[in-house]
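Reader: Can you walk me through this one? Keep it quick.
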Amino acid sequence: MDFPKQWEAAVFATPANSWSLLKKVEVPTLVLRGDDSDVITINTWRKLLANYQKKNITYKNLPDCGHLLPLEKPDEVGQAITHFLLNK
């Protein structure tokens with residue numbers, strides 16, 4: 001992937017507050033995490049599971065990959081999304 005450096009800088013300088021957004025989710029949502037992610041750590045993942053359980057949010061942890069799941073495990077990510085969409 002190739003993005004303008006100014007865009008990348010702006011994205012990293014202004015992170016969204018994802019925590020507050022999760023409480024507002026009203027549509028079926030799939031949250032994926034790579035087991036080896038250094039961005040969504042296991043402690044963060046546990047916090048998500050403990051504090052943000054809603055019937056319309058599905059959490060799935062994929063083994064043997066980091067934070068760039070679609071690049072590292074494209075087939076598994078595709079299968080997870082397909083399964084999620086077919087069962088909602």
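Author: One term before we start: contact means heavy atoms within 4.5 Å. This is a predicted model, where local features need pLDDT of at least 70, side-chain atom pairs count only at pLDDT 80 or more, and totals for chains, interfaces and linings use all residues. Residues are numbered from 1 along each chain as its sequence is written, and side-chain values use heavy atoms, with hydrogens and water left out.

Reader: What does Y52 touch, leaving out residues up to four places away in sequence?
Author: W19, L22, K23, K47, I57 and Y59.

Reader: Where is Y52 placed?
Author: In the loop between α3 (42–51) and β2. Helices (H or I, at least four residues) and strands (E, at least two) are DSSP runs, numbered from the N terminus.

Reader: Is Y52 buried or exposed?
Author: Y52 counts as buried because its relative accessibility is 11%. Buried means under 20% relative accessible area, exposed over 50%, partly exposed in between (1.4 Å probe, protein chains only).

Reader: New topic. Which residues of α5 are buried?
Author: V77, A80 and F84. They sit on the same side of α5, because they cover an arc of only 65° around the axis. That arc is taken from the directions from the helix axis to the C-beta atoms.

Reader: What covers the buried residues of α5?
Author: The cover includes β1 (29–34), β2 (57–62) and α4 (69–72).

Reader: And which residues are exposed on the other side of α5?
Author: D75, Q79, H83, L85 and L86.

Reader: Last one. Where is F3?
Author: F3 lies in the segment before α1 (5–13). F3 is partly exposed, at 37% relative accessible area.
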